[in-house]
Amino acid sequence: MRFDPWDPDFVAYPYDVYDELRRESPVSYFEPTNQWLISRHADVNALLRDRRLGRSYLHVATHEEFGRPPEPESHEPFWRVIRAGMLDVEPPVHTRLRRLVSKAFTPRMVESLRPRVRAVAEGLVDAFVEKGGGDLIAEVAEPLPVTVIAEMLGIPEQDRHLLRPWSADICGMYELNPTPDAQHAAVRAASEFAGYLKTLAAQRRRTPGEDLVSALAAIEELTEDELVGTCVLLLNAGHEATVNVTGNGWWSLFRNPAELARLREDRSLLPTAVEELMRWDTPLQMFERWVLEDIEVHGVEIPRGSEVALLFGSANRDQAVFEEPDRLDVGRADNPHISFGAGIHFCLGAPLARIELMESFGALLARANKLELRQEPAWKPGYIIRGLESLEVSAAG
Ligand code: HEM
């Protein structure tokens, strides 16, 4: 097998290919996407922190100067939303936006949400066990982070069903070489989402609540686009990967029954288990960076204007960093996985994600003495955002 992000077999198990890349060609050019693949942990980690690269180049160059085609005008509503959030900008705009939002995500602030996260997790798990199981992704993995981030922002309950489809369509644009249909769906979702948030923010400006949309709407230095971009980013980033870590994580445990039994017996292993599940089957397989100034990696010159693809899933299985990297070890103590990124864009929501995962895995282990897989799950086609379609299990208390 070769690196082929459109091949379902590769998406299902990319790790042998990664192993070969790390050993034989840690920097390799991938023609179909015109990107340089970077597969070793040390290089991924270093490039994420290297200021000669950026998530965007538009603060230093035009599309033309970077040899990239102009964006279709019809995509403007999408990029307007995405480029107004901190994830797709670089300093100094990034520094300003991140500073404004980070107060809501300090470990202390987030810790105060734990009782609520626990209550939601326990409610979902109880209902799931009572009906003997079902699709663990749709019934537990998804509603938990969606509820938590929606409550934080103050999205009314009757509107929350809109979030998942909007987010899924927007994320379609992040896959490699998206189809015209996927692009169209992403643009439409971004416009609808933006329209919805503008109306909500206007309401909260008139009658503020205790929520994050009200708090952001009260900040004068935040433009309306930045407010919308920030809320879309928080709502999407605030659940997509957590859903996939939960689904992928349980599938990993089912494939490693001895480790599942070990965790059941000793739930004090939960903190290391959650980190290990994020490492072993990485939910976000790749992140891209633009090369803003010429760089050289292992003797390969990568000129300004190129794009590098940092293979997180590969970095997380690097034998130079992890002992027996292909073994799932829920007690792994030394685990510098890269799943939350590194450098200035390091995941703002990491403390919240950790709490959600601990509470959801913890509630399932405590309240479902028996959890059994009903059928082998299928992977969704996406490679960058990698998760299962569903996870059918039977559950008993
Ligand atoms: C297990 C779940 C999660 C994983 C694996 C994850 C992973 C990541 C990664 C890898 C990045 C950096 C991307 C890059 O450098 O290009 C990132 C950024 C970000 N994440 Fe998460 N994330 C998770 C959950 C969350 C949650 C719950 C939130 C809550 C709001 C969140 C909010 C953000 C934000 C706002 C950024 C942008 C930070 C910046 O640009 O400075 N994430 N996340």
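Predicted model: local features only at pLDDT ≥ 70, side-chain atom pairs only at ≥ 80, totals over all residues.
1. **Overall build.** The protein has 18 helices and 10 strands. Its radius of gyration is 21 Å, close to the 21 Å that the globule rule gives for 397 residues, so the protein is as compact as a globular protein of that length. The C-alpha trace spans about 60 × 60 × 40 Å along its principal axes.

2. Buried residues make up 56% of the 397 residues. Take the contacts in the protein with a separation of 6 or more: residues 24 or more positions apart account for 73% of them.

3. **The iron atom.** Which protein atom is the donor to the iron atom of the ligand? There is a single one, the SG atom of Cys347, 2.3 Å away. Cysteine 347 sits in the loop between helix 17 (312-315) and helix 18 (350-367).

4. The side chain of histidine 94 places an N or O atom 2.7 Å from an oxygen atom of the ligand. Alanine 237 has a backbone N or O atom 3.4 Å from a nitrogen atom of the ligand. Isoleucine 344 has a backbone N or O atom 3.5 Å from an oxygen atom of the ligand. As for where the shell comes from, the elements that give two or more residues to it are helix 5 (93-102), helix 13 (224-237), helix 14 (240-255), strand 5 (286-291) and helix 18.

5. **The shell around the ligand.** How many residues surround the ligand? The count is 30, and the closest are Arg55, Arg98, Arg289, His345 and Cys347.

6. **Helix 16.** Is helix 16 (residues 270-280) largely enclosed or open? Of its 11 residues, 9 are buried, so helix 16 is largely enclosed by the rest of the structure. The buried residues are Leu270, Ala273, Val274, Glu275, Glu276, Leu277, Met278, Arg279 and Trp280. What covers them includes helix 2 (15-24), helix 14, helix 15 (257-265) and helix 18. Helix 14 and helix 18 also give residues to the shell around the ligand.

7. **Arginine 279.** This residue is found in helix 16. Its relative accessible area is 0%, so arginine 279 counts as buried. Leaving out residues up to four places away in sequence, arginine 279 touches Asn316, Arg317, Phe322, Pro325, Arg327, Arg332, Asn335, His337 and Ser339.

8. **Leucine 371.** Strand 9 (residues 370-373) holds leucine 371. Why does leucine 371 count as buried? Its relative accessibility is 7%, and the limit for buried is under 20%. Beyond residues up to four places away in sequence, leucine 371 touches Phe128, Trp250, Phe254, Arg264, Leu364, Val393, Ser394 and Ala395. Leucine 176 is 195 residues away along the chain, and the two C-alpha atoms are separated by 35 Å.

9. **The loop between helix 4 and helix 5.** Aspartate 88 lies in the loop between helix 4 (76-82) and helix 5. Aspartate 88 counts as buried, at 10% relative accessibility. Apart from neighbours within four places in sequence, aspartate 88 is in contact with Arg55, Ser56, Ile82, Arg83 and Tyr174. Arg55 is also one of the closest residues to the ligand. Proline 92 lies in the loop between helix 4 and helix 5 too. A cis peptide bond joins proline 91 and proline 92, with omega about 5 degrees.

10. **Positive phi angles.** Asparagine 34 is not a glycine, yet its phi is positive, about 55 degrees. Asparagine 34 is in the loop between strand 1 (27-30) and strand 2 (35-38). At 34% relative accessibility, asparagine 34 counts as partly exposed. Glutamate 324 is not a glycine either, and its phi is about 45 degrees. Glutamate 324 is in the loop between helix 17 and helix 18, where cysteine 347 is also placed.

11. **Toward the start of the chain.** Aspartate 4 is in the segment before helix 1 (8-12). Is aspartate 4 buried or partly exposed? Aspartate 4 is partly exposed, with a relative accessible area of 22%. Threonine 179 is 175 residues from aspartate 4 in sequence, and the two are 16 Å apart in space, C-alpha to C-alpha.

Technical notes. Residues numbered from 1 in each chain as written. Heavy atoms only, no water. Donors = N, O, S within 2.8 Å, 3.2 Å for Na, K, Ca; no water. Helix = DSSP H or I, 4+ residues; strand = E, 2+ residues; numbered from the N terminus. Near = heavy atom within 4 Å. Polar contact = N/O pair within 3.5 Å; in protein donor to acceptor, adjacent residues only side chain to side chain. Rg over C-alpha atoms; globule rule 2.2 N^0.38 Å. Buried < 20%, exposed > 50% of the residue type's maximum accessible area, 1.4 Å probe, protein only. Contact = heavy atoms within 4.5 Å.
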